[in-house]
There are 6 protein chains.
Amino acid sequence: MEIAALLREDVPYMDLTSSVLDFDPADSEIQFRPKEPLTVCCSEEASAVFDLLGAETTIHAASGSHVDPESPVLSARGTPEQLHKGWKAAQNLLEHFSAIATRTTSMVEHAVGARKNIEVCGTRKHLPGTKQLSLKALCAGGGFPHRLGLSDSILIFSNHYDLLGGLKTLCGMLPQIRKRCPEKKVTVEVESVGDALMVAEAGTDIIQLDKLPPSSVHEVSTTLKSKNLGTIIAAAGGINADNAADYAEAGADVLVSSWMYSGRPSDYRVTIRKT
Amino acid sequence: MEIAALLREDVPYMDLTSSVLDFDPADSEIQFRPKEPLTVCCSEEASAVFDLLGAETTIHAASGSHVDPESPVLSARGTPEQLHKGWKAAQNLLEHFSAIATRTTSMVEHAVGARKNIEVCGTRKHLPGTKQLSLKALCAGGGFPHRLGLSDSILIFSNHYDLLGGLKTLCGMLPQIRKRCPEKKVTVEVESVGDALMVAEAGTDIIQLDKLPPSSVHEVSTTLKSKNLGTIIAAAGGINADNAADYAEAGADVLVSSWMYSGRPSDYRVTIRKT
Amino acid sequence: MEIAALLREDVPYMDLTSSVLDFDPADSEIQFRPKEPLTVCCSEEASAVFDLLGAETTIHAASGSHVDPESPVLSARGTPEQLHKGWKAAQNLLEHFSAIATRTTSMVEHAVGARKNIEVCGTRKHLPGTKQLSLKALCAGGGFPHRLGLSDSILIFSNHYDLLGGLKTLCGMLPQIRKRCPEKKVTVEVESVGDALMVAEAGTDIIQLDKLPPSSVHEVSTTLKSKNLGTIIAAAGGINADNAADYAEAGADVLVSSWMYSGRPSDYRVTIRKT
Amino acid sequence: MEIAALLREDVPYMDLTSSVLDFDPADSEIQFRPKEPLTVCCSEEASAVFDLLGAETTIHAASGSHVDPESPVLSARGTPEQLHKGWKAAQNLLEHFSAIATRTTSMVEHAVGARKNIEVCGTRKHLPGTKQLSLKALCAGGGFPHRLGLSDSILIFSNHYDLLGGLKTLCGMLPQIRKRCPEKKVTVEVESVGDALMVAEAGTDIIQLDKLPPSSVHEVSTTLKSKNLGTIIAAAGGINADNAADYAEAGADVLVSSWMYSGRPSDYRVTIRKT
Amino acid sequence: MEIAALLREDVPYMDLTSSVLDFDPADSEIQFRPKEPLTVCCSEEASAVFDLLGAETTIHAASGSHVDPESPVLSARGTPEQLHKGWKAAQNLLEHFSAIATRTTSMVEHAVGARKNIEVCGTRKHLPGTKQLSLKALCAGGGFPHRLGLSDSILIFSNHYDLLGGLKTLCGMLPQIRKRCPEKKVTVEVESVGDALMVAEAGTDIIQLDKLPPSSVHEVSTTLKSKNLGTIIAAAGGINADNAADYAEAGADVLVSSWMYSGRPSDYRVTIRKT
Amino acid sequence: MEIAALLREDVPYMDLTSSVLDFDPADSEIQFRPKEPLTVCCSEEASAVFDLLGAETTIHAASGSHVDPESPVLSARGTPEQLHKGWKAAQNLLEHFSAIATRTTSMVEHAVGARKNIEVCGTRKHLPGTKQLSLKALCAGGGFPHRLGLSDSILIFSNHYDLLGGLKTLCGMLPQIRKRCPEKKVTVEVESVGDALMVAEAGTDIIQLDKLPPSSVHEVSTTLKSKNLGTIIAAAGGINADNAADYAEAGADVLVSSWMYSGRPSDYRVTIRKT
């Protein structure tokens with residue numbers, strides 16, 4: 001249905017170009033193959049595009065697969081008009097979400113290469129209107145969502161505790177806050193090493209370090225260990241594939257990033273041939 | 001309604017964090033100000049987010065405005081819970097679509113600086129699920145949509161004419177095709193100078209040059225002029241703010257690009273304060 | 001989904017009549033056959049109605065087929081309750097949209113009989129809520145949409161140029177307007193021969209002659225030819241199957257009409273029989 | 001929301017024509033006035049179109065009003081772009097549904113003129129996708145819906161009783177059927193005087209006479225009276241404004257018709273002027 | 001689609017628990033069996049949940065079946081992740097709507113046991129958002145909807161006639177009201193025996209007795225009979241399985257109740273096993 | 001929009017009863033007052049019903065308010081037709097969701113009376129189609145959602161670990177599972193005291209005790225304390241207002257229940273009067 005809406009956005013009525021060309025209606029085949037190595041995402045949704053048009057599809061690589069250049073990901077057979085109608089809608093799905101998956105994979109590989117038990121989490125800052133597929137791509141690349149939205153988790157920003165009277169006031173409230181939601185972990189975001197330690201000692205479950213360099217993350221991590229505090233360390237703000245390993249080595253348990261959501265789409269070769 | 005769906009995606013039920021903090025319900029104010037110069041987009045939609053939550057909003061800069069760093073774009077007054085509920089949904093709209101508008105502005109300025117009568121057109125290759133707002137951002141930045149989809153225009157790719165028997169066959173069909181749709185211009189995409197000239201002579205309204213360097217565009221342009229052919233030249237494939245001026249100088253009438261749709265979101269400062 | 005909504009509108013809950021009758025659940029067959037010669041439209045959608053109800057359907061004539069009275073268009077097999085539930089929803093689709101297709105066919109035949117290269121275009125004035133199927137019927141009958149809406153084309157009415165200061169002002173702006181949208185043809189609607197010639201000389205791509213008699217169309221057409229102007233002539237306002245040939249002979253390139261959208265529905269015979 | 005969808009169908013993205021014209025943004029006014037006497041319908045929905053665009057609207061005549069030619073029905077003030085965006089969507093609503101209302105009014109006047117206590121009921125055979133507004137127009141014109149769909153009423157056609165073994169079998173079942181739905185009236189459609197009398201004697205609440213001439217309706221009516229049977233007589237099939245009085249005089253209690261749903265739209269004059 | 005929305009509500013993105021467990025992807029089977037005797041409802045919808053997830057389903061008992069404890073109602077085969085994703089959404093459908101169906105069955109059995117020709121009708125007072133499935137459950141249990149909403153029937157409450165000037169005024173209007181809607185029965189709700197008789201004599205089709213004890217219903221029933229009035233008697237207000245027989249014996253033709261909509265869900269045993 | 005859909009479900013087209021009564025259109029007032037003490041829920045949504053109809057509304061008691069019998073909760077002024085159209089849709093919202101809120105309040109009061117720091121959490125087992133409003137009612141009554149669905153939390157049932165090879169296997173996997181989701185607490189449901197202790201020692205964050213009596217909860221609680229394990233104890237299965245205090249005294253940190261979702265709706269008095 002979502003896919004039907006995407007297709008209808010691109011082909012609200014007839015395909016004008018196919019209407020004025022005189023295609024032989026005999027079956028043709030469309031093939032999608034990446035021009036670069038990538039983590040596939042949305043071959044299922046791209047396949048659904050052609051299903052809706054009445055073509056027969058074959059998924060050669062499911063979402064989450066790592067594929068080489070020129071290896072087939074999706075193909076479909078149908079009339080030239082059916083294939084042309086679905087072409088760009090399918091290609092758009094594959095290219096944009098494979099790119100998110102591939103960037104996530106790259107970040108996960110760098111992070112896990114440096115520290116085995118680390119998780120890469122994507123924020124809520126994906127493009128508005130793409131939540132479902134952006135999170136699918138994130139998972140396809142080996143990441144997890146950081147939080148789905150405001151209803152499922154407790155994450156306290158400075159915009160929260162400033163209204164309450166500052167971080168110290170919040171620290172005094174933390175024991176009571178934790179009892180209100182015994183099934184959830186409480187996260188507090190801070191912007192300095194000192195604040196991080198204060199919040200950790202006040203009993204938060206997770207400290208989220210915003211825009212601190214790896215060296216500061218390391219300082220927090222070693223101090224917590226020396227004090228025998230099991231607080232989870234999440235690093236956020238400017239984390240990407242290039243610096244993921246540094247943050248991992250510094251002791252972060254979780255990397256929180258929006259970096260994978262933006263960037264150049266992946267590049268797929270699309271051919272339509274008579275069969 | 002679209003905006004209601006975006007908000008509900010981020011806050012499907014309660015705001016758990018606000019629920020466990022003990023906010024004074026007196027009015028606060030949230031402010032959105034860019035950290036960098038940009039072309040604003042979606043201040044109307046971001047405002048609608050807070051309207052839905054019952055806050056009072058003020059739009060300081062409409063979509064399409066060019067604003068300096070730290071100048072106010074949007075503010076809203078309401079309870080801390082109302083403002084926190086809308087914060088990220090509004091910020092996400094502003095940051096992603098202002099970025100598209102700003103990249104478009106940059107491309108338009110480079111192109112028009114080099115050649116007065118040139119248009120920058122955005123393709124259909126925006127992120128699936130963002131069509132309406134991506135096109136709004138494109139227009140806010142001074143661009144136009146290239147084509148809305150398959151139903152409104154005639155654009156013939158090699159995937160089309162290869163099925164028909166090749167470009168030459170297509171050229172033979174062009175007069176008839178043009179008569180089928182007297183209200184539309186017919187565009188043919190080609191990948192070489194020779195093909196471009198052949199199609200222009202066959203009478204297409206527009207030739208779309210895919211991934212040709214500016215020098216080739218120049219060759220096509222001067223040849224057409226020398227032959228007194230008024231064919232419109234559209235350049236496509238890899239066009240961006242950096243090379244827009246080169247293509248403009250080379251004689252392109254239209255720059256067709258997907259480049260503005262992808263890239264880092266804009267950066268807004270968001271503050272929430274008691275009033 | 002659209003079809004599911006149509007069905008649900010007619011059968012929101014149970015079929016009360018079938019509930020109180022004691023039907024033998026053994027399979028029956030429903031058949032739809034026209035009582036008059038017509039161009040079929042919506043046999044696919046009518047078939048989808050029965051699919052949704054779990055019946056097995058056969059489409060005997062696709063949209064766009066020209067069929068004789070009493071020839072089968074659609075049949076479905078299922079329980080009496082399934083067939084009664086879908087009966088009127090399917091019949092309603094077939095009768096209303098076959099009528100639009102048939103009227104379009106008639107108009108196209110008259111026009112093309114008089115002048116080979118002429119197109120019949122349907123306006124946006126179909127019944128609100130029927131756009132997708134009305135345009136499908138228009139195409140099934142051999143027509144094309146005139147414009148899909150305001151976002152895909154440039155059509156300047158007197159309500160536009162009166163606000164700008166009159167037709168003369170517009171004529172002065174035309175060269176600049178044409179450069180703003182090099183990929184589109186610009187159409188100006190006028191209501192007299194004199195205005196038509198003025199606009200043609202100012203360089204519009206298409207002149208739309210509103211409510212002029214064929215004799216005036218002829219005058220415009222011959223004058224344009226004598227001046228070697230290639231402006232496309234669209235005739236609009238009161239064009240129908242009866243006068244289409246006259247306008248075609250007069251030299252119109254395009255007939256723009258809303259006539260096919262309104263009128264008596266086609267008449268189908270519907271039988272339900274035990275098998 | 002429905003109205004938002006209609007507007008979006010006509011203006012999915014920008015208004016291209018307004019974009020390339022250089023309108024003075026100062027307020028203008030749009031006015032809708034009928035060119036013929038009519039029963040207004042959908043001035044509220046047409047008004048909502050302009051509300052959505054941010055214009056200020058005034059409804060001069062509510063749905064159901066009978067208005068003279070040139071009397072104002074709706075006006076709106078806003079920028080030229082706002083008014084042009086809403087123009088045709090609003091006009092389309094007014095013209096199509098005022099026509100249905102006006103035809104209904106005409107039929108009601110003829111029927112009631114001939115027999116005071118008679119009702120004009122519209123069938124389910126309106127254009128698919130227009131149910132809500134078609135029924136609104138029907139009521140605005142003084143009619144009532146015959147049945148909303150299959151879930152709210154019991155209407156037994158020959159396609160029902162033929163499957164059961166014929167009309168006689170049905171007559172035997174009628175007492176039991178009536179007890180199954182004590183809150184509903186049971187209607188049986190028949191196509192001859194003899195069948196009508198048989199069903200009336202078997203105890204149906206309503207007989208629906210399909211495609212019988214007024215003389216046959218009269219025969220049924222007088223026979224029922226002579227037998228002291230209070231069965232309601234509904235006449236259906238080909239009933240319209242021209243013959244409504246004949247059927248009323250013949251003794252029909254209800255006229256069941258689809259005639260008002262189809263036909264030429266009403267004609268409104270639309271002006272846009274600077275203020 | 002409705003079912004897709006329900007599933008998406010429960011599993012908006014990934015199944016986090018399945019993601020962190022290391023399931024063997026080989027097929028497993030899920031089985032749903034009631035722990036108590038019940039009337040099944042929504043096995044079709046529960047099956048659709050698993051269809052959407054790509055599992056293969058078997059419906060062992062259709063809606064409306066009366067089944068014994070531990071007899072299979074639904075089973076599905078698929079990967080552990082597919083089955084866990086659909087488990088609760090399917091169980092929730094089965095448990096809530098089988099409970100409504102079962103309570104309806106119980107009420108119907110008591111009522112019909114006491115008086116053969118009596119109908120059990122469910123009101124519009126089901127939980128908001130569950131109309132379609134609540135009415136399906138009502139029908140599955142042998143009941144009928146009382147009225148679908150305000151558009152399909154005429155039911156006059158004291159809140160209506162108090163505004164008109166009281167019950168007496170209404171009685172004077174009744175003949176005219178009945179003529180306005182000859183195809184509908186007119187129901188008037190009253191709260192005393194005296195009012196009931198007054199309204200019956202004024203010619204209403206149905207009297208709805210609100211919160212009267214069976215003895216009063218009996219009084220009304222016998223008085224109507226003695227006066228040879230065929231007015232239908234509907235009893236409403238506090239009717240449930242326990243007192244349904246009393247009201248039936250007292251002479252009610254229809255029992256109008258909301259009782260079946262509320263109460264403990266049915267209890268199904270759900271097992272997931274390797275196959 | 002959701003509310004618009006609920007209203008349209010009840011009044012898809014006209015209000016037939018109001019259509020045939022001859023109401024004075026002068027303003028009347030509708031009032032909603034509970035007949036019993038309760039926690040209000042959905043006065044905002046009920047108010048929105050009348051807003052949609054054009055009436056003026058006043059909310060006297062917001063969701064979450066505890067009100068006495070006969071105190072005003074909501075009133076609206078408008079024409080009799082407007083008020084009758086919204087009456088039942090509004091009443092239905094108030095009665096069903098105030099009942100859920102009131103049952104939750106009762107459960108919270110009993111639980112917190114016995115143990116200060118305890119939370120009452122509602123499961124996902126609300127009626128399908130009512131998630132948003134059921135959770136709103138839960139929160140209005142002082143509860144929290146247990147989990148929103150499968151995407152936001154980790155809860156391992158026996159149906160999970162049986163597939164993995166049993167509880168022991170799961171215990172061996174727990175350390176690794178906890179590292180996969182460092183931001184989430186891991187919950188394991190068990191059905192015996194012994195299993196509870198085994199899982200607690202294996203390091204789960206929360207043990208959910210299914211259908212154990214308070215005495216067993218007490219045994220688990222004291223044993224955990226004696227072993228200095230901070231595992232959170234959630235009690236689930238058959239918890240309601242009557243036994244909430246027992247479970248709280250026994251040492252449960254969280255009560256997980258579906259009990260509040262089902263039961264008799266609250267009772268509101270609704271009056272409509274001339275003003």
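Predicted model: local features only at pLDDT ≥ 70, side-chain atom pairs only at ≥ 80, totals over all residues.
Reader: Why is B:Glu70 called exposed?
Author: Count its C-beta neighbours. B:Glu70 has 10 other C-beta atoms within 10 Å. Exposed means 12 or fewer. B:Glu70 therefore counts as exposed.

Reader: Where is B:Glu70 found?
Author: B:Glu70 is in the loop between β4 (66–67) and β5 (74–78) of chain B.

Reader: Where is D:Asn228, and what is its phi?
Author: D:Asn228 is in the loop between α9 (214–226) and β11 (232–236) of chain D. Phi of D:Asn228 is near 60°, a positive value in a residue other than glycine.

Reader: Which way do the residues of strand β6 of chain B point?
Author: β6(B) covers residues 119–122. B:Glu119 and B:Cys121 point one way, and B:Val120 and B:Gly122 point the other way. All are buried. In a regular strand the side chains alternate between the two faces of the sheet.

Reader: How do you know that β6(B) and β12 of chain B pair?
Author: Count the bridges. Two strands pair if there are at least two bridges between them. β6(B) and β12(B), residues 254–257, have 4 bridges, so they pair, in the parallel sense. In β12(B), the bridge partner of B:Glu119 is B:Val254.

Reader: What makes β7 of chain B a partner of β6(B)?
Author: The bridges again. β6(B) and β7(B), residues 144–145, share 2 bridges and run parallel. At least two are needed, so they pair. B:Gly122 stands opposite B:Pro145 in β7(B). The chain goes from β6(B) through helix α5 (residues 131–140) of chain B to β7(B), and this β-α-β crossover is right-handed.

Reader: Why are β3 and β13 of chain A called edge strands?
Author: Start with the sheet. It is an open sheet of 4 strands in chain A, in the order β3-β5-β1-β13, with antiparallel pairing. β3 (56–59) and β13 (268–274) of chain A each pair on one side only. That is what the name edge strand says here.

Reader: How do you know that β3(A) pairs with β5 of chain A?
Author: 4 bridges join β3(A) to β5(A), residues 74–78, and the two run antiparallel. The cut-off is at least two bridges, so the two strands pair. A:Thr57 has A:Ala76 as its bridge partner in β5(A). Helix α4 (residues 80–114) of chain A packs on the sheet, touching β1 (28–34), β5 and β13 of chain A. The direction of α4(A) makes about 15° with that of β1(A).

Reader: How many residues of chain B are in contact with chain A?
Author: 50 residues of chain B are in contact with 49 residues of chain A. The largest share of chain B's side, 7 residues, comes from α4(B). By class, that side has 24 nonpolar, 14 polar and 12 charged residues.

Reader: Which residues have the most contacts inside the largest nonpolar core?
Author: That core has 518 residues, and those with the most contacts inside it are A:Leu255, B:Leu255, C:Leu255, D:Leu255, E:Leu255 and F:Leu255. Leaving aside neighbours within four places in sequence, F:Leu255 is in contact with residues including F:Ala111, F:Val120 and F:Tyr247.

Key: Residues numbered from 1 in each chain as written. Chains lettered and ligands numbered in written order. Buried ≥ 20, exposed ≤ 12 C-beta atoms within 10 Å, placed from the backbone. Right-handed = clockwise from strand over helix to strand, strands pointing away. Contact = placed C-beta atoms within 7 Å. Nonpolar A, V, L, I, M, F, W, Y, C, P; charged D, E, K, R; others polar. Core = buried A, V, L, I, M, F, W, Y, C linked by C-beta atoms within 7 Å. Axes fitted to C-alpha atoms, helices over the stretch in contact; angles between N-to-C directions.
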